[in-house]
Amino acid sequence: MFKINENYQKLPGSYLFSTIAKKVAAFSEANPGKEIIRLGIGDVTQPLAPAIIEAMHKAVEEMGNADTFRGYAPDLGYGFLREAIVEHDYKPRGCNISADEVFVSDGAKSDSANIQEIFSAGNRIAVCDPVYPVYVDSNVMAGRAGVYHGESGTWSNVVYMPCTMENGFVPEFPKEVPDMIYLCLPNNPTGTTITKSQLQEWVDYANRVGAVIIYDGAYEAYISEEDVAHSIYECEGAKECAIELKSYSKNAGFTGVRLGYTIVPKELKCGEVSLNQMWARRHGTKFNGAPYIVQRAGEATYSPEGKAQLEGQVAYYMKNASAIKNGLQSAGYTVFGGVNAPYIWLKTPDNMTSWEFFDFLLERANVVGTPGSGFGPSGEGYFRLTAFGSYENTLTALGRIKGL
Ligand code: MLT
């Protein structure tokens, strides 16, 4: 008789955004006339930029021609994209990353869930609380999280680093020393970030205690302040302790296109074992490469036209972020984020729980957001709104919230 991976049975409920989607679908069915505005999941709404569409069209033509047709992509990514990443994302920031440290993938969500596979099941992970749920859930599936305590909403073998308004959303070094530290900066869900010197302290800490940092930089394009690092490799010693995950979803609108990459530096070793080689082995076995058309689209994000068009998109979403932030503040809400990230993190009014405010907003304003408690126990009493809607919908939603 076969047996299942029982770790899956430990997962409480469904994936956060699936739960929200089901709730919204039920509300919509029961209230067919209501026009719902979705500021929940961080999904983009602007169409792909013209430079990207042009590159995709060209690649499609190539695929239809026997002379230029491509079959399986190289499992670690095409050279043209890996080189472009090094040239544009790392060299200008003084980061010494080479193309063979770049692993092209179908997005940072998969990479952030899969990367734990190359680490021991006995490792202890540390996460910010609140946290992007994939980091914890993927470690639960791998049997690394221990036992779930329903009352506290925590896992026995996970080290939580609370990020709340009391500590300015800056994680503190945990009392128990972890083996793997997940950092997402600028942060999803709080929309806040830390300075480059604060990040350097994390790199120093990881090197001191022998931990690895899994650094999710999916929101890097939204950084507007000077003293914030765009890559963890801007910090000294990071190549010895950090893996960086990057996505094209938020900076280039690829949520439906799917493309990302992971940097595993050659200096990152466990004893004599190279994690770069381990990840290459894993990628080669389990992944057949992102599609050629999509990798050409990724390359186009680095052309002068592509860059200018994407800067325009980021500015568009950040205009939404400012409108939400300022609008809610003027309505008396306590609001965070929205300066270096497209997320607004607010305190729920009248001591409502996060899910109470979710229901209140859905029923009374027909606006969907994300309950803070869905990201972890320290998210209770907070609520996330995304700036990825259209400007018109954002203003309409804001007007409805202010009118409550
Ligand atoms: C979010 O809303 O937190 C993100 O869009 C989820 C993701 O990027 O997978």
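A salt bridge is defined here as a side-chain nitrogen of Lys or Arg within 4 Å of a carboxyl oxygen of Asp or Glu. The views below show a predicted model, in which local features need pLDDT of at least 70 and side-chain atom pairs count only at pLDDT 80 or more, while totals for chains, interfaces and linings use all residues. Residues are numbered from 1 along each chain as its sequence is written, and side-chain values use heavy atoms, with hydrogens and water left out.

**View 1**
The model contains 13 salt bridges. In one of them, E87 pairs with K91, and the closest N and O atoms are 2.7 Å apart. The relative accessible area of E87 is 37%, so this residue is partly exposed; the classes are buried under 20%, exposed over 50% and partly exposed in between, for a 1.4 Å probe and protein chains only. A salt bridge also joins E267 to K239, with 3.4 Å between the closest N and O atoms. This pair links distant parts of the chain, 28 residues apart: E267 is in the loop between β10 (260-263) and β11 (269-270), and K239 is in the loop between β8 (212-216) and β9 (242-247). Helices (H or I, at least four residues) and strands (E, at least two) are DSSP runs, numbered from the N terminus. E267 is partly exposed at 36% relative accessibility, whereas K239 is buried at 13%.

K23 and D359 form a salt bridge whose closest N and O atoms are 3.3 Å apart. Distant parts of the chain are linked by this pair, with K23 in helix α2 (residues 16-30) and D359 in helix α12 (residues 354-365), 336 residues apart. K23 is partly exposed, having a relative accessible area of 34%, and D359 counts as partly exposed at 26%. A network of salt bridges links R93, E220 and K246.

A disulfide is a covalent bond between the sulfur atoms of two cysteines. With the criterion of a pair of cysteine sulfur atoms within 2.5 Å, the structure has zero disulfides. The cysteine sulfur closest to that of C128 belongs to C163 and lies 4.0 Å away, which is too far for a bond. C241 is likewise in no disulfide, and its nearest cysteine sulfur, in C235, is 8.8 Å away. C128 is buried, with 6% relative accessibility, and C241 is buried with 0%.

**View 1. The open sheet of seven strands.**
The strand order is β2-β10-β9-β8-β7-β3-β6, and the pairing is mixed; two strands pair if DSSP finds at least two bridges between them. β2 (102-105) and β6 (158-162) are the edge strands, each pairing on one side only. From one strand to the next, the twist averages 20°. Five bridges connect β3 (residues 125-129) with β6 in the parallel sense, and D129 stands opposite P162 in β6. Helix α4 (residues 79-90) packs on this sheet, touching β2, β9 and β10, and its direction makes about 115° with that of β2. Axes are lines fitted to C-alpha atoms, for helices over the stretch in contact, and angles run from 0 to 180 degrees between N-to-C directions.

**View 2. The open sheet of four strands.**
The strands are arranged in the order β13-β14-β17-β16 with antiparallel pairing. At the edges stand β13 (335-337) and β16 (370-371); each has a single partner strand, so one side of each lacks a neighbour in the sheet. Strands β14 (residues 343-347) and β17 (residues 382-386) run antiparallel and are joined by five bridges. K347 stands opposite Y382 in β17.

**View 3. Packing of helices α11 and α13.**
The axes of α11 (residues 304-330) and α13 (residues 391-402) come within 10 Å and cross at roughly 10°. The two helices are therefore roughly parallel to each other, a class that covers angles under 35 degrees. Residues of α11 that meet α13 include Y316, K319, N320, A323 and I324. Among their counterparts in α13 are Y391, E392, T394, L395 and L398. Contact means heavy atoms within 4.5 Å.

**View 4. The surroundings of R282.**
R282 lies in helix α9 (residues 275-286). With a relative accessible area of 13%, R282 is buried. Not counting residues up to four places away in sequence, R282 touches N114, E117, I118 and F287.

How values were computed
Angles under 35 degrees count as roughly parallel, over 145 as roughly antiparallel, 65 to 115 as roughly perpendicular and the rest as oblique.
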